[in-house]
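Trainee: I would like to learn how to read side-chain contacts in a model. Please take me through one.

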Amino acid sequence: MGSEGPSVVTVHITGFKKFHGVAENPTEKIVSNLKSFVEKKGLPKNLVLGSCTILETAGQGALGTLYKVLESAVAERENGSSAQGQVIWIHFGVNSGATRFALENQAVNEATFRCPDELGWKPQRVPIVPSDGGISRTRETTLPVNELTKSLRKTGYDVMPSDDAGRFVCNYVYYHSLRFAEQHGIKSLFVHVPLFLTIDEEVQMHFVASLLEALAVLN
């Protein structure tokens, strides 16, 4: 029979809708077009692209959809459709001032929104999950951010590891996702991308495909 080869990795993706100050959110376009893009390009044999979901650019307002998609991925695994492999969540958000991609190591249990989110919520120094303790509590991804960064740099992308996902909606969603991932034995990563004006759409699509390929060879 020989060796079984790498186990299957199922990756689920989220992006955000546009919000004030960002007329076009690149992550909405990336996530909407990703399935057709990778079908043309091809993915590693052991990698399955699961759900691709666009979230409301809001803190509490995004949670209903976020938890629905997180829970459905866990249910799928328990039903046996991806029982043998790893489930990974990748959340994409835009950093309009960035000039390169950033893989986020951690999220902080603090919501301090610099402006109201799309549903008008503007918390200040509020713990995201009060039962987790104070606003200095952090949760870290279990994915090897430095290893992924090196691999993507070798492929030619301008990418860096980051320890600060902000205190706005991106960090809010990431904190909830990391907490859920820890509870359910899955993995989660947040990736900040620049605007298409800074790094064009074609390059960003290839970057996401390369990230998926890098994740496929980890296990």
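Trainee: Are Arg139 and Asp132 buried or exposed?

Mentor: Start with the terms: buried means under 20% relative accessible area, exposed over 50%, partly exposed in between (1.4 Å probe, protein chains only). Here Arg139 is buried, and Asp132 is too. Keep the ground rules in mind: this is a predicted model, local features need pLDDT of at least 70, side-chain atom pairs count only at pLDDT 80 or more, and totals for chains, interfaces and linings use all residues. Residues are numbered from 1 along each chain as its sequence is written, and side-chain values use heavy atoms, with hydrogens and water left out.

Trainee: Which side chain does Arg139 meet in a salt bridge?

Mentor: A salt bridge is a side-chain nitrogen of Lys or Arg within 4 Å of a carboxyl oxygen of Asp or Glu. Arg139 meets Asp132, at 3.0 Å from N to O. Shared partners extend this into one network of Asp132, Arg139, Arg179 and Glu182. The rule gives nine salt bridges.

Trainee: Which residues does Arg167 bridge to?

Mentor: One partner is Glu110, at 3.2 Å from N to O. That pair links distant parts of the chain, 57 residues apart: Glu110 sits in the loop between strand 5 (106-108) and strand 6 (138-140), Arg167 in the loop between strand 7 and helix 4. Helices (H or I, at least four residues) and strands (E, at least two) are DSSP runs, numbered from the N terminus. Asp164 is also a partner of Arg167, with the closest N and O atoms 3.2 Å apart. Glu110 is buried at 11% relative accessible area, while Arg167 is partly exposed at 29%.

Trainee: How many aromatic pairs does the structure hold?

Mentor: Rings of Phe, Tyr and Trp (its six-membered ring) pair if their centres lie within 6.5 Å; planes under 30 degrees apart count as stacked, over 60 as edge-to-face and the rest as tilted. The structure holds ten. Among them is Tyr67 with Phe180, edge-to-face, 5.9 Å centre to centre with 75° between the planes. Tyr67 is partly exposed at 21%; Phe180 is buried at 3%.

Trainee: Why is the pair of Tyr157 and Phe207 edge-to-face?

Mentor: The ring centres of Tyr157 and Phe207 are 5.4 Å apart and their planes stand at 80°, so the pair is edge-to-face. Phe207 is buried, with a relative accessible area of 0%.
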